Amino acid sequence: MERLRLRLSNKWMAAVASMWIQCSSGAYTFGIYSSILKSSQGYDQSTLETVAVSRDIGSSAGILAGVLYTAVTHSNSNSGLCGPWLVHLVGAIQSFLGYFLTWASVVGLIQRPPVPLMCFYMILASHSTPFFNTANIVSGVQNFPDYSGTIVGIMKGCTAISGAIIIQAYDTFYKGEPSKFLLMLALWPTFVSLVLMLLVRIYKANASDDKKHLNGFSALTLIIAGYLMIMVILEKSFSLPLWARIFSFILLLLLLASPLGVAIKAQKEDSKRFLETPSFESNISMENLQSRCSSSKSFVAKDVAYHEVPRGEDQVNDKIMFDEEGMNLLQAMCTVNFWLLFIAMVCGMGSTQAVLNNLSQIGQSLNYTTVEVNNFFSLWSIWNCLSRVGVGYLSDYLLHTRGLARPLLMTVTLAMIVVGHIVIASGFPGALYVGSIIMGICDGSQWSLMPTITSDLFGVKHLGTIFNTIGIASPIGSYIFSVRVIGYIYDKEANSEDHSCVGARCFLLSLFIMASLAFLGFLFVIALFQRTKRFYMLRKSKHSLKR
């Protein structure tokens, strides 16, 4: 029993457990149960939108999760044992209560709640997501500090496909019964999190082959996303019999179990390397490490002497690079870099979220069928996952091999968002297909890069609090663009009789306004890139010396 416990207690099993918890979270599934919620509660469309916005707020407001994570992981020296599991527990409780009370309201188990109370249920249910994200992402960054972009991309990619995974289970066993889907959301994420939460811990040990095995996790995540895309296409094209749906779901479960093989192999290699290392080599390694650290500091001193002496944020960032603790939230909010990133995310995340929230209405105004509109959501989800994983890996590769600052990839992302808005606004045949893919890629890229850049610039000690605070930019931007821009202009263009609008004119001006503001975000990220170029070059040098 003790041997089994030791085999499960390593950073690779922690990563697998985190991936499975992320894959079970059921994100981006409101559209599945919104119809039964609307009909059972007697809501009109405006009231349903209010409930939907409350869900968006809950899923993005993760400051409490960050504060809790920081408190429980840094109040005890054995932080990996006593910290992340508690954050998971709080998330699991919220997920169960929120979705269970919503399900009970829909099926009539409890009295129909007033709208504010239903909004509270939605906030409670969706507020579990930041707790799962914080526990898994921050623990992953601390376990794999040299490849933070890769591990964040993997975790965010698993979140992106979690909705498609639970929909596959729903279609296999309960298709056509959306109330059962709500019950699944109450039970599935809660059960998985409670079973696996004790495996998610923080380990300080590093190995030279982390990159190889993390790439294995990335590849498997992409394979699962590709498999889900194939299943979506098949289900849209053919009516699959029950046996085929069961077989495809079993195959999906096998794919989800495959990261366990990578973890076992990685741990065996780490154990073998440790046993084969003689004690005198450890002494030599320690001497080499001290020599390299001395060389690293010498390099920094020479670089500072060659360039102008660093002041303010540059000096703090150099400190972060060596002690990796960094700033707390208030200190971060007093920097220019924080606000450059925050405003850029309001423009970027806000506009992509606004397009996602209005994708059905845009498709209807351009005369796309219901099946085509559903395909847009599937394409968005799959490409969102691919970009989260791919961009996370690419940001690490470019940093370690070229010394390119991660904000450079964010500038490319904001530029693509501008293009995506213009493509959708053009209204040419197939424009929404192309546009939904572009916007899905960009949305995933932002959610992969933002936590990683935050970790780089402000350190890992208070990462959960800081990146969740910056994440509030998404609902702020979404509200501004969805309500104050898209909603206002749509109502002006709509038919006064049935409040509907048909044609490219319905969203044309809104899309061009969002493109302009996305370009503004692009300029802010350019400024952030210029301010952090030197810092990222020093990080590349540090990584090279460590190797």
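The largest nonpolar core of this predicted model comprises 134 residues, among which F217, M345 and M450 touch the most other members; a nonpolar core is here a set of buried Ala, Val, Leu, Ile, Met, Phe, Trp, Tyr and Cys residues joined through side-chain atoms within 4.5 Å, and buried means under 20% relative accessible area, exposed over 50% and partly exposed in between, with a 1.4 Å probe and protein chains only. Helix α10 (residues 148-173) gives the most to this core, with 12 residues, helices (H or I, at least four residues) and strands (E, at least two) being DSSP runs numbered from the N terminus. When its neighbours within four places in sequence are left aside, F217 is in contact (heavy atoms within 4.5 Å) with W12, A15, V16, M19, I154, P259, V262 and A263. A second, separate core of eight residues includes I21, A92, F132 and V200. In soluble globular proteins, nonpolar side chains tend to be buried together.

Residues are numbered from 1 along each chain as its sequence is written, and side-chain values use heavy atoms, with hydrogens and water left out. Because the model is predicted, local features need pLDDT of at least 70 and side-chain atom pairs count only at pLDDT 80 or more, whereas totals for chains, interfaces and linings use all residues.

Helix α18 (residues 336-357) and helix α22 (residues 431-458) have axes that come within 10 Å and cross at roughly 160°, where axes are lines fitted to C-alpha atoms, for helices over the stretch in contact, and angles run from 0 to 180 degrees between N-to-C directions. The two helices α18 and α22 are therefore roughly antiparallel to each other, given that angles under 35 degrees count as roughly parallel, over 145 as roughly antiparallel, 65 to 115 as roughly perpendicular and the rest as oblique. Residues of α18 in this contact include M345, G348 and M349, and those of α22 include W447, M450 and I453. By class, the contact of α18 with α22 has 11 nonpolar, six polar and one charged residues, with Ala, Val, Leu, Ile, Met, Phe, Trp, Tyr, Cys and Pro counted as nonpolar, Asp, Glu, Lys and Arg as charged, and the others, Gly among them, as polar.

Helix α12 (residues 210-237) packs against helix α13 (residues 242-257) at an angle of about 165°, with their axes 10 Å apart, and α12 and α13 are therefore likewise roughly antiparallel to each other. On the α12 side, I223, I224, Y227, L228 and M231 meet S248, L251, L252, L255 and L256 in α13. The residues of this contact divide into nine nonpolar, one polar and no charged.

L64 lies in helix α5 (residues 63-73) and, at 58% relative accessibility, counts as exposed. Beyond residues up to four places away in sequence, L64 touches H127 and F131, while L64 and T469, 405 residues apart in sequence, are 9.5 Å apart in space, C-alpha to C-alpha. H462, found in the loop between α22 and α23 (463-471), counts as buried at 18% relative accessibility, and H462 touches T70, M327 and N328 when residues up to four places away in sequence are not counted. In the loop between α19 (359-365) and α20 (370-402), N367 has a positive phi of about 65° although it is not a glycine; at 61% relative accessibility, N367 counts as exposed.
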